[in-house]
Amino acid sequence: MPDQSQPSAPPLASGSIAERLALVRGRIATAAVAAGRDPGEVRLLVATKTQTPDAVLEALAEGVSLIGENRVQELVAKAPAVAGRIADGSLEVHMIGHLQRNKINQVLATATCLETLDSLDVAQAISDRCVRDARTGDRALEVMVQVNVTGEVSKSGVGPDDAAALATAVAALPGLRLTGFMTIGARLDDSGEEPVRAGFARLRAIRDEVRASGAPGTGSATELSMGMTGDLELAIAEGATIVRVGTAVFGPRPAPA
């Protein structure tokens with residue numbers, strides 16, 4: 001499976017989840033102001049990979065209203081703990097890991113948005129399922145097109161040159177609502193800041209091109225999900241509307257057994 005790991009992060013703060021969340025929110029606000037933006041334009045998605053349901057609930061108790069899951073099996077395992085919040089509309093759950101076709105039904109049972117769409121075949125299969133479930137109109141599944149702005153074979157995503165065509169096709173499918181684009185940036189320790197910013201700027205340009213096309217269903221494609229623990233400031237400077245942060249909130253993930 002393609003590597004969806006985060007870029008190298010700055011040293012992580014110790015403390016409780018509440019204390020770490022406060023620091024992350026401070027970083028987001030500071031970066032937004034430095035970029036001449038309203039901090040309210042940038043949402044924090046808390047990535048819950050490897051975290052227990054109790055840890056997730058602790059984050060939700062601190063006002064987190066948007067979480068993301070990388071693995072379908074973890075999404076399913078945590079679903080009962082957050083089902084009530086999804087039902088009352090106080091929590092969004094995004095799938096931020098690569099989705100295999102045979103896992104579509106499991107994801108649709110819980111996720112409110114799929115950020116990693118990079119294939120028209122998979123998009124059509126999801127659309128067909130949504131239509132069968134009468135999940136259309138206001139109940140349509142929110143989706144984003146994942147773009148591989150770095151060209152690295154280890155990363156999922158459609159190539160930048162093909163992203164606009166895919167997004168336009170996805171936007172026209174019944175049962176799906178195109179809300180924007182997602183990417184995983186280049187590693188800071190490999191390439192420095194400029195290539196990372198250039199990749200984020202490329203994603204912004206793709207979004208702007210798609211919206212300017214006036215194609216059906218593309219007007220709602222406003223989101224840019226980009227930037228993680230190590231590079232969220234660069235992403236915000238380039239227009240991110242969602243930053244995906246896990247380790248800065250929960251601490252380092254346990255080493256694989």
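T150 is partly exposed, with a relative accessible area of 28% (buried is under 20%, exposed is over 50% and partly exposed lies in between, using a 1.4 Å probe and protein chains only). This is a predicted model, in which local features need pLDDT of at least 70 and side-chain atom pairs count only at pLDDT 80 or more, while totals for chains, interfaces and linings use all residues. Residues are numbered from 1 along each chain as its sequence is written, and side-chain values use heavy atoms, with hydrogens and water left out.

**Around T150**

- T150 sits in the loop that links β5 to α6 (160-171); helices (H or I, at least four residues) and strands (E, at least two) are DSSP runs numbered from the N terminus.
- Leaving aside residues up to four places away in sequence, T150 touches K155, I184, G185 and A186, where contact means heavy atoms within 4.5 Å.

**The whole chain**

- The protein chain holds 10 helices and 8 strands.
- Its radius of gyration is 17 Å, close to the 18 Å given by the globule rule for 257 residues, so the protein chain is as compact as a globular protein of that length; the radius is taken over C-alpha atoms, and the rule is 2.2 Å times the number of residues to the power 0.38.
- Along the principal axes, the C-alpha atoms of the protein chain fill a box of roughly 45 × 40 × 35 Å.
- Of the 257 residues in the protein chain, 49% are buried.
- If you take contacts between residues at least 6 apart in sequence, 67% of them join residues at least 24 apart.

**Surface and charge**

- The protein chain exposes about 11100 Å², and carbon and sulfur atoms supply 51% of that area; accessible areas come from the Shrake-Rupley method with a 1.4 Å probe, and for residues only the protein chains shown count as cover.
- The protein chain has 25 positive and 31 negative charges, whose mean positions are 3 Å apart.
- Lys and Arg count as positive and Asp and Glu as negative, with His and the chain ends not counted; each charge is placed at NZ of Lys, CZ of Arg, CG of Asp or CD of Glu.

- Strand β1 (residues 43-47) pairs with β8 in the parallel sense over 4 bridges, and two strands pair if DSSP finds at least two bridges between them.
- In this pairing, L45 stands opposite R244 in β8.
- β1 also runs parallel to β2, joined by 2 bridges, and here V46 stands opposite I67 in β2.
- In a regular strand the side chains alternate between the two faces of the sheet.
- Strand β8 (residues 242-245) is covered on both faces, with I242 and R244 buried on one side and V243 and V245 buried on the other.
- Strand β2 (residues 66-69) is likewise covered on both faces: L66 and G68 are buried on one side, I67 and E69 on the other.

**Positive phi in two loops**

- T50, in the loop between β1 and α2 (53-61), has a positive phi near 70° although it is not a glycine.
- T50 is partly exposed, at a relative accessible area of 30%.
- A134 has a positive phi of about 55° and is not a glycine either; A134 lies in the loop between α5 (120-132) and β5 (141-146).

**E194 in helix α8**

- E194 belongs to helix α8 (residues 193-212) and is exposed, with a relative accessible area of 60%.
- The C-alpha atoms of E194 and A140 are separated by 37 Å, with the two residues 54 apart along the chain.
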